[in-house]
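Please look over the sequence and the three-dimensional structure shown here before reading on.

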Amino acid sequence: MESFKLFINGEFENGSATFLSINPATRQPWAEIAEARADAVNRAVEAAHRAFHGAAWRGLTATARGKLLMRLADLVEQNADELARLETLDTGKIIRETRAQIAYVADYYRYYAGLADKMEGRVLSIDKADTETWTRREPVGVVAAIIPWNSQLFLSAVKIGPALAAGCTLIVKAAESAPTPLLAFARLVAEAGFPPGVCNIITGFGESCGTVLTTHPAVSHIAFTGGPETARHIVRNSAENLSKTSLELGGKSPFIVFEDADLESAANAQVAAIFAASGQSCVAGSRLLVAESVKEALLAKLMERVQRIVIGAPEDMQTQFGPLCTQQQKERIQNVVAKTLEQGAKLVTGHYDIDRPGFYYPPTIIDCSNTPQAESVINELFGPVLSVVSFRDEADAIRLANNTAYGLAAGVFTQNLARAHRVTNALRSGVVWINTYRMVSPLAPFGGYGLSGHGREGGMEAALEFTTTKTVWLRTSDEPIGDPFVMR
Ligand code: NAD
């Protein structure tokens, strides 16, 4: 059994208790994890608070912070295979995805390394005589970063990179269901040479770790990725300190295919949108909205591809489709699909048992054209279930696409440029991909509308989320100040 420790104030430690991590492909415990409860959480926050105010971090120039981040990026790249191994073991995500994703995570750190000394204030052309006025971008303070179980290294990089570039300090909480990649990443933080306490990495459970962390008076910003229900807890917790929050939540993203679309391309992108990562992706294109006239043709192309998907052991490079992360998640998906079918939807493929020991659930497609309000069309499942609804015309497609409380991502497939613009502008969605899907970049802002959250990760916008503006006024006149009872 492998074992993993907490990383607090630059030291590795055993925490308050231990728990076991389960391999979702085998259902076997494989790692012993140090757990943070109130005592360890409080020490981590105090360490981050001391580091934020301490000379070792405050005294560094922004360029020097950037150099540390650049070193961290190199270390992530050098250790990508080992980090991918852990992510695959702990989450069941296939190794061909985790290897590629973690190698790319290094580029996120590089991007924020480069941004560290480019977060500039402004000199204002102020409307007052004998006055200079300028703004400074200052770090917001101690950040609590709460990470879900899927894509731990990616979803933490989009918080750690910009927060450190801005000059903040952090406590990163890895998800209890797959904590090992982040706990192993802590070694790289130590090796890169960040001063103690600047980036602490812990794990633990929602109440005993997450709530203690997000209500701690020294925390100024909570950067959260996870589900909307947990987000509500987080926002209530933030009320203690009135701390800032940025929330990256789930989605029920529409994948819209018009009659003039390239159906080959749309079918490939739809498979990527819903069956990559076994559908456990916040941007999963889980609602296929398709023009009535091409529905059957597109479904036929999807079926051809679904039948060829290689289901297998996640550590095998040939595998395209692995298990879900937890038994609870598998049961929830099975129940929602069963309920959707009871509500009158038609099973196209999937929803069968897979003869493997892990938490496997097959690629599933359900035709909900006659039941557009069915359970699987409305709720995020976070799994490999595609709900298909056909539409009559463009207005109908837009109405269906926006008929959701979420608003994270959308795909639009059409050869008509004017239509692509019209539809894109009408969608209430933080990201729109036109004739493509599931693309990300460190340069591109990412985030949602509505129940998909607020705030943006990626790009300069993410770095600015971790800063606050100070406005400085300087009087340049040597004359005495006049009437004290008039605001000037
Ligand atoms: P989750 O909301 O159950 O848990 C996320 C994290 O919150 C975990 O670390 C958990 O321990 C912690 N937590 C739980 N209760 C807490 C509390 N009271 N206070 C503080 N922290 C608490 O989510 P999950 O099941 O791990 O991940 C799946 C969800 O994440 C899905 O809804 C998915 O769409 C979403 N997600 C969103 C994005 C995005 O970028 N928008 C990316 C990936 C996943």
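The second largest pocket holds about 360 Å³ of space, and of the 17 residues that line this pocket, Arg65, Arg136, Arg137, Glu138 and Pro139 are the closest to its centre. The model is a predicted one, in which local features need pLDDT of at least 70 and side-chain atom pairs count only at pLDDT 80 or more, whereas totals for chains, interfaces and linings use all residues. Residues are numbered from 1 along each chain as its sequence is written, and side-chain values use heavy atoms, with hydrogens and water left out.

A pocket here is an open set of points, on a 1 Å grid over the protein atoms alone, with protein on both sides within 12 Å along at least five of seven lines, while a cavity is a set of points where a 1.4 Å probe fits but cannot get out; lining residues have an atom within 4 Å of a point. Grid points are joined across faces, edges and corners, and a volume is the space filled by probe spheres set on the points. At least two lining residues of the second largest pocket come from each of helix H2 (55-58), helix H3 (62-78), strand S7 (131-139) and helix H6 (152-166), with S7 giving the largest share, five residues. These helices and strands are DSSP runs numbered from the N terminus (helices H or I, at least four residues; strands E, at least two). By class, the lining of this pocket has eight nonpolar, four polar and five charged residues, where Ala, Val, Leu, Ile, Met, Phe, Trp, Tyr, Cys and Pro count as nonpolar, Asp, Glu, Lys and Arg as charged, and the others, Gly among them, as polar.

Charged residues also meet elsewhere, and the whole structure contains 27 salt bridges, each being a side-chain nitrogen of Lys or Arg within 4 Å of a carboxyl oxygen of Asp or Glu. In one of them Arg43 pairs with Glu13, their closest N and O atoms lying 2.5 Å apart; because Arg43 belongs to helix H1 (residues 38-53) and Glu13 to strand S3 (residues 11-13), this pair ties together parts that are 30 residues apart in sequence. Arg43 is partly exposed at 34% relative accessibility, whereas Glu13, at 18%, is buried; buried means under 20% relative accessible area, exposed over 50%, and partly exposed in between (1.4 Å probe, protein chains only). A salt bridge also joins Lys118 to Asp117, with 2.7 Å between the closest N and O atoms, and here Lys118 is partly exposed at 43%, as is Asp117 at 32%.

Within helix H9 (residues 228-238), Glu229 and Arg232 are three residues apart and so are separated by about one helical turn, and their side chains form a salt bridge of 2.8 Å, N to O. Salt bridges that share partners also link Glu259, Asp260, Glu394, Arg419 and Arg422 into one network.

Turning to the buried segments, Ile201 lies in strand S10 (residues 199-203) and is buried at 0% relative accessibility. Beyond its neighbours within four places in sequence, Ile201 is in contact (heavy atoms within 4.5 Å) with residues including Leu6, Phe7, Val172, Leu182 and Val189. In helix H8 (residues 206-214), the buried residues are Cys209, Gly210, Thr211, Val212, Leu213 and Thr214, and their cover includes H1, strand S8 (142-146), strand S9 (169-174), S10, strand S11 (219-225) and H9. Asn150, in the loop between S8 and H6, is also buried, at 7%, and its contacts beyond four places in sequence are Leu155, Gln280, Ser281 and Phe382.

The largest cavity has a volume of about 90 Å³, and its lining includes Arg287, Leu289, Pro372, Val389 and Asn403; strand S14 and helix H13 (375-378) each supply at least two of the lining residues, which divide into six nonpolar, three polar and one charged. The second largest cavity, of about 70 Å³, is lined by 15 residues, of which Pro254, Ala401, Thr404, Gly407 and Arg428 are the closest to its centre, and helix H14 (394-402) and strand S18 each give at least two residues to this lining.
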